[in-house]
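Me: I'd like to go through the helix packing and the pockets of this one. Here is what I'm looking at.

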Amino acid sequence: MSFHLVVGHGPAGAATARLLAEQGHEVRVVTRTGRPAGPDVPGVEHLALDASDPAGLARAARGAAAIHGCAAPPLPQWARLWPALSASLCAAAEESGAVLVMLGNLYGYGPVTGPMTEGLPLGATGPKGRVRAAAWEQARALHEAGRIRAVEVRASDFFGPGVTDGGHLASRVMPQVLKGRPVATLGDPDTAHSWTYLPDVARAMAETAGEERAWGRAWHVPTVAALSVRAMVDRLAAEAGAGPVSVRRLPAAVLAVAGLVSPLLRELREVRYQFDRPFVVDCSAYEAAFAVRATPLEEQLRATVAWWRERERP
């Protein structure tokens, strides 16, 4: 077994660290506070460090087989903070010799027609999409120059146990579903949307770290067939035994007013297209090359409802 450095301890970082530890690896997690976001996991060490400090991150990564870049600045600060963070990850990978496994998303493609494949150009025009695309382009250029070994694992919207405030099927939805109450959603509740199960993200991060043939390009995390928000809410409500739950679209005027006081909602305007039109990820390239497969949807639903039921327990 080997030593892995996980940068960030949000939902994806925590899931990746836990999986790596379960696989028998030595795991060190880097966050600003050095405190775990949830229960302690045996075999996982926590270190307080600003990940945008390249010298400090390189010291933390010394001897690592892989650096898993799972950290992300707050959404309103992406344009300002992402460049330093991504440069630090690349510098630490170069100095330590560790494989850099970057967790990416689909923002970099911008609005597209049809399912998203890894071969699409990174044509985002908004600042958040551009900064995410630039982070991978920097890592890929260094990889092609022989200075680092890098791979990017791209996921659609996270779903599942451990996904809370940042998930579109999480804090704004699951407590309502468990109580059988109506759900309000961004965009068209009936358009197809891909939801990537959080444990599958961790499994893909761990798998690509050890697969040399994965390095040097981006891969989409195995994800089940796209379902609309309404369809997902229907299935979650059925799993919870809550009966039918109505789903309504938040009016644009309401979102505009809410954006005046909510930085998050204000920033989401750039990616509203993801919920106003089909947003479908094609993961067939990953599935043709590697072992990880998307967890069956029924298992995803069962685990998610159980996790939220425990979380909401008085």
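Me: Which hand does the crossing of helix 3 and helix 4 have?
Reply: Right-handed is how helix 3 passes helix 4. Keep in mind that this is a predicted model.

Me: What angle do the axes of helix 3 and helix 4 cross at?
Reply: Roughly 15°, and the axes come within 9 Å. Angles under 35 degrees count as roughly parallel, so helix 3 and helix 4 are put in that group.

Me: Which residues of helix 3 and helix 4 meet?
Reply: From helix 3, Trp78, Ala79, Trp82, Pro83, Ser86, Ala87 and Cys90. They meet Lys128, Val131, Arg132, Ala135, Gln138, Ala139 and Leu142 in helix 4. Sorted by class, this contact has 10 nonpolar, 2 polar and 2 charged residues.

Me: How many nonpolar, polar and charged residues are in the lining of the largest pocket?
Reply: There are 26 nonpolar, 16 polar and 6 charged residues.

Me: And the second largest pocket, what volume?
Reply: About 550 Å³. Its lining has 26 residues, and Pro11, Ala14, Ala15, Arg18 and Gly162 are the closest to the centre.

Me: Which elements give two or more residues to the lining of the second largest pocket?
Reply: Helix 1, strand 3 (44-48), helix 6 (198-209) and helix 12. The largest share is 7 residues, from helix 1.

Me: Which residues meet between helix 1 and helix 6?
Reply: Pro11, Ala12, Ala15, Thr16, Leu19 and Leu20 in helix 1 meet Leu198, Val201, Ala202, Arg203, Met205 and Ala206 in helix 6. By class, the contact has 10 nonpolar, 1 polar and 1 charged residues. Pro11 and Ala15 turn up again among the residues closest to the centre of the second largest pocket.

Me: Helix 12 was on that list too. What angle does helix 12 make with helix 7?
Reply: Helix 7 (residues 229-240) and helix 12 (residues 297-311) pack at about 65°, and their axes are 9 Å apart. This crossing is right-handed.

Me: Which residues are in contact between helix 7 and helix 12?
Reply: Helix 7 brings Met232, Arg235, Leu236, Glu239 and Ala240. On the helix 12 side they meet Leu297, Leu301, Arg302, Thr304, Val305 and Arg309.

Me: How many of those are charged?
Reply: The contact of helix 7 with helix 12 has 4 charged residues, along with 6 nonpolar and 1 polar. Among the charged ones are Arg235 and Glu239 in helix 7, and Arg302 and Arg309 in helix 12.

Terms used. Residues are numbered from 1 along each chain as its sequence is written. This is a predicted model: local features need pLDDT of at least 70, side-chain atom pairs count only at pLDDT 80 or more; totals for chains, interfaces and linings use all residues. Side-chain values use heavy atoms; hydrogens and water are left out. Axes are lines fitted to C-alpha atoms, for helices over the stretch in contact, and angles run from 0 to 180 degrees between N-to-C directions. Helices (H or I, at least four residues) and strands (E, at least two) are DSSP runs, numbered from the N terminus. A crossing is left-handed if the near helix is turned anticlockwise from the far one by less than a right angle, and right-handed if clockwise. Contact means heavy atoms within 4.5 Å. On a 1 Å grid over the protein atoms alone, a cavity is a set of points where a 1.4 Å probe fits but cannot get out, and a pocket is an open set with protein on both sides within 12 Å along at least five of seven lines; lining residues have an atom within 4 Å of a point. Grid points are joined across faces, edges and corners, and a volume is the space filled by probe spheres set on the points. Angles under 35 degrees count as roughly parallel, over 145 as roughly antiparallel, 65 to 115 as roughly perpendicular and the rest as oblique.
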